Amino acid sequence: MENKATAPSPAVSAKRKKTGPRPFKELWRRIRKPLAKSRFVKQALATLMAGAIRLIDRTNPRVEGSDDLQVAIDQHSPAIAALWHGQHILGPAINPRKHKIVALFSRSADAELNALVAEKLGFDTVRGSGGRKGERDIRKGGAKALIALKKTIDRGCNVAMIADIPHGTPREAGLGIVTLARISGRPIVPVAIATSRRKVLERTWDKTTINLPFGRSAVILGEPIFVAADADADVMEEKRREVTDSLNEATRKAYALVDDR
């Protein structure tokens with residue numbers, strides 16, 4: 001199973017440094033910015049990635065013990081689905097067909113491609129940062145993003161949000177998702193997805209997991225977490241920790257299900 005990436009030893013790293021220029025790497029550095037600005041290229045890549053995600057989901061049947069998303073949707077809608085960075089790639093694919101959901105993506109260039117992929121898989125998207133509070137978050141569109149998501153929930157539509165903060169502490173929920181639960185009055189539902197065949201990118205800040213086809217998968221949901229409208233700073237911090245613990249536990253259970261076979 002390809003679930004670990006082994007870091008090179010210092011000796012190996014030293015050898016690599018002596019190999020001289022890498023023409024393909026240098027070429028990529030020169031062309032990646034023009035490619036990133038090309039709408040045609042981005043659409044083509046998003047189409048390919050969406051197709052790959054569909055294939056991976058279809059070739060990884062759910063194992064016994066997985067939770068039923070449709071049951072949760074019927075019980076808790078409208079709700080806020082919470083996922084971790086790096087563990088969310090199959091998120092758009094597991095959404096039941098014909099069920100509308102709106103997802104939050106940051107305004108970064110990297111997130112733009114992810115948003116396009118999600119749209120091709122049936123999601124609607126909102127761009128902005130929902131992790132932090134304060135002036136920096138406002139500049140990044142955080143306040144507007146949360147307001148847009150609240151309006152979406154008010155219309156009866158579920159939303160999806162990455163709980164941890166980009167390039168912050170991985171697997172540690174930010175206050176943004178807790179704030180959305182407080183102002184909307186709707187619950188946060190932790191969602192964890194795992195596949196038995198996967199590749200972990202160990203050098204990425206969030207240990208991004210690339211799900212691979214032809215294995216088995218598990219989906220685990222945490223208990224819904226409500227945040228009172230009058231929650232003060234202490235309660236907000238308590239709920240933030242609760243989201244962190246619940247989502248980490250759901251993730252642990254999902255991996256245990258696909259690996260213990």
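Val191 touches Ala81, Ala82, Leu83, Ile94, Ile220, Leu221 and Leu247, leaving aside residues up to four places away in sequence; contact here means heavy atoms within 4.5 Å. This is a predicted model, in which local features need pLDDT of at least 70 and side-chain atom pairs count only at pLDDT 80 or more, while totals for chains, interfaces and linings use all residues. Residues are numbered from 1 along each chain as its sequence is written, and side-chain values use heavy atoms, with hydrogens and water left out.

**The cores around Val191**

Along with Ala160, Ile193 and Leu221, Val191 has the most contacts inside the largest nonpolar core, a group of 27 residues. A nonpolar core is a set of buried Ala, Val, Leu, Ile, Met, Phe, Trp, Tyr and Cys residues joined through side-chain atoms within 4.5 Å. Buried means under 20% relative accessible area, exposed over 50%, and partly exposed in between (1.4 Å probe, protein chains only). At least two residues of this core come from each of α3 (39-58), α4 (69-76), β1, α5 (91-94), β2 (101-105), α6 (109-120), β5 and β8. Helices (H or I, at least four residues) and strands (E, at least two) are DSSP runs, numbered from the N terminus. A second, separate core has 26 residues, including Ala82, Leu146, Val159 and Met161. In soluble globular proteins, nonpolar side chains tend to be buried together.

Strand β5 spans residues 188-195 and is mostly covered, with 8 of its 8 residues buried. Ile188, Pro190, Ala192 and Ala194 point one way from β5, whereas Val189, Val191, Ile193 and Thr195 point the other way.

| Strand pair | Sense | Bridges | Residues facing each other |
|---|---|---|---|
| β1 (residues 80-83) and β5 | parallel | 3 bridges | Ala82 and Pro190; Ile80 and Ile188 |
| β5 and β8 (residues 217-221) | antiparallel | 5 bridges | Ala192 and Ile220 |
| β1 and β4 | parallel | 4 bridges | Leu83 and Ile162 |

β1 therefore pairs with β5 and with β4 by the DSSP criterion of at least two bridges.

**Helices α3 and α6**

Two packed helices are described by the angle between their axes and the distance between the axes. The axes of α3 and α6 come within 8 Å and cross at roughly 55 degrees. That angle makes α3 oblique to α6, given that angles under 35 degrees count as roughly parallel, over 145 as roughly antiparallel, 65 to 115 as roughly perpendicular and the rest as oblique. Axes are lines fitted to C-alpha atoms, for helices over the stretch in contact, and angles run from 0 to 180 degrees between N-to-C directions. From α3, Lys42, Gln43, Leu45, Ala46, Thr47, Met49, Ala50, Ile53 and Arg54 meet Glu112, Leu113, Leu116, Val117 and Lys120 of α6.

**Arg127 in β3**

Arg127 sits in strand β3 (residues 124-127). Is Arg127 buried or partly exposed? At 29% relative accessibility, Arg127 counts as partly exposed. Its contacts, not counting residues up to four places away in sequence, are Leu104, Phe105, Ser106, Arg107, Ser108, Ala111, Glu112, Ala115 and Ala145. Arg127 and Ala111 are 16 residues apart in sequence and 8.9 Å apart in space, C-alpha to C-alpha.

**Backbone details in the loops**

A cis peptide bond joins Ser77 and Pro78, with omega of about -10 degrees; Pro78 is in the loop between α4 and β1. Arg171, although not a glycine, has a positive phi of about 65 degrees, and belongs to the loop between β4 (158-162) and α9 (175-184). Lys207, also not a glycine, has a positive phi of about 55 degrees. Lys207 lies between β6 (198-200) and β7 (209-211) and, at 36% relative accessibility, counts as partly exposed.

**The whole protein**

Stepping back, the protein has 10 helices and 8 strands. Of its 261 residues, 44% are buried. Among contacts between residues at least 6 apart in sequence, 74% join residues at least 24 apart.
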